[in-house]
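This report describes selected helices and the ligand surroundings of one model.

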Amino acid sequence: MRTIELGKSGMQVPVIASGCMRINNLDEKQAASFVDKALSLGVNFFEHADIYGGGECEKIFSKAIGMNPSVREKIILQSKCGIVSGKMYDFSKEHILKSVDGILKRLQTEYLDVLVLHRPDALMEPEEVAEAFTQLRESGKVRHFGVSNHKPSQIELLQKYVEYPLVTDQLQFSVTNSSMIESGMEVNMTTPGAVDRDGSVLDYCRIHDITIQTWSPFQYGFFEGVFLGSEKFPKLNQKIDEIAEKYGVTNTTIASAWILRHPAHMQLIAGTMNEKRLEEVCAAADITLTREEWYEIYLSAGHMLP
Ligand SMILES: NC(=O)c1ccc[n+]([C@@H]2O[C@H](COP(=O)([O-])OP(=O)(O)OC[C@H]3O[C@@H](n4cnc5c(N)ncnc54)[C@H](OP(=O)(O)O)[C@@H]3O)[C@@H](O)[C@H]2O)c1
């Protein structure tokens with residue numbers, strides 16, 4: 001599996017990570033088989049959040065992988081905190097520290113490789129976040145820190161106080177959810193794609209060596225469904241299928257290769273719990289789409305070139 005450095009962490013990570021938000025759809029045996037398969041494919045990076053399955057996903061995962069110190073050394077674990085489901089977002093020092101203790105307990109580990117703040121908290125006090133991060137790093141509970149669904153100014157505000165470089169911003173991204181590309185291509189126009197919805201986060205992350213982790217790489221809208229094979233995207237599917245046939249791979253591989261082809265060197269967080277499909281996603285790490293193919297897929301999703 002091809003690897004990249006996650007931000008300025010000095011840590012090499014596979015370009016495909018396994019997102020465990022849906023692992024509670026599997027029974028114990030299936031979950032154990034799935035994590036085995038992931039490891040055999042070189043996917044040793046597992047992405048969690050304290051709220052997935054109300055904490056169950058982290059528990060199921062640690063059981064499935066048979067967590068012990070020697071297993072732990074071979075994998076990279078990331079989890080997220082900051083959402084109090086259905087109620088509020090909470091980046092207070094007390095909440096972050098308490099959340100990490102819960103995560104470590106459920107994952108049966110003494111440390112997280114990466115702790116990510118899940119969604120911006122309007123009441124965030126960056127000094128408090130910084131204190132929490134310093135305490136977590138000095139106690140050895142967390143090695144690196146990142147954010148999710150943040151725009152550049154929010155990252156800068158945090159980074160003004162946090163003494164460690166934020167290594168990732170996890171953002172929704174796929175060919176059907178690519179407004180961060182569109183706004184860069186339709187600059188200064190009155191077209192819908194020209195709207196800058198994220199403060200130019202793509203360029204910001206590249207300038208500051210922050211790795212974008214792409215969540216929901218196969219979904220359209222906000223969890224509306226999978227665009228692959230969907231009647232809602234006939235042109236896109238036709239183009240992806242055509243290119244898939246040329247490479248002798250599946251549509252899932254080509255949709256993944258489209259993300260990996262972007263020179264920002266993103267890490268794709270795959271949410272599949274299907275072993276065969278994970279294999280298809282991983283096949284993308286060995287494919288480099290041509291510039292023409294990348295643009296053809298982009299255009300067939302309905303985006304424009306001015
Ligand atoms: N930071 C955030 O705010 C945030 C938000 C959401 C998710 N995440 C993270 O991102 C990860 C991925 O998100 P996601 O699960 O929404 O991503 P996804 O990989 O786009 O979606 C996975 C779902 O789509 C199905 N699927 C994938 N490819 C398919 C295909 N070719 N045909 C039919 N069905 C297909 C999978 O079913 P099978 O299992 O049957 O393959 C699974 O149910 C999560 O696990 C989580 O770690 C982060």
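The sections below cover the basis of the model, helix packing and the ligand shell.

## Basis

This is a predicted model, in which local features need pLDDT of at least 70, side-chain atom pairs count only at pLDDT 80 or more, and totals for chains, interfaces and linings use all residues. Residues are numbered from 1 along each chain as its sequence is written.

Helices (H or I, at least four residues) and strands (E, at least two) are DSSP runs, numbered from the N terminus.

## Helix 2

Helix 2 spans residues 56-64, and its buried residues are Cys57, Glu58, Ile60, Phe61, Ser62 and Ala64. A residue is buried if 20 or more other C-beta atoms, placed from the backbone, lie within 10 Å of its own. These residues pack against helix 1, strand 4 (45-47), strand 5 (76-81) and helix 4 (93-107); contact requires C-beta atoms, placed from the backbone, within 7 Å.

Just after helix 2, Gly66 has a positive phi of about 65 degrees.

## Helix 11

In helix 11 (residues 275-283), Leu278, Glu280, Val281, Cys282 and Ala283 are buried. Their packing partners are strand 3 (16-19), helix 1 (28-40), helix 10 (251-260) and strand 14 (267-270).

## Ligand shell

The ligand has 25 residues around it, of which Gly19, Met21, Trp215, Gly271 and Thr272 come nearest. A residue is near a molecule if its C-beta atom, placed from the backbone, lies within 6 Å of it.

The shell divides into 10 nonpolar, 12 polar and three charged residues. Ala, Val, Leu, Ile, Met, Phe, Trp, Tyr, Cys and Pro count as nonpolar, Asp, Glu, Lys and Arg as charged, and the others, Gly among them, as polar.

How values were computed. A residue is buried if 20 or more other C-beta atoms lie within 10 Å of its own, exposed if 12 or fewer, and partly exposed in between; C-beta atoms are placed from the backbone. Two residues are in contact if their C-beta atoms, placed from the backbone, lie within 7 Å.
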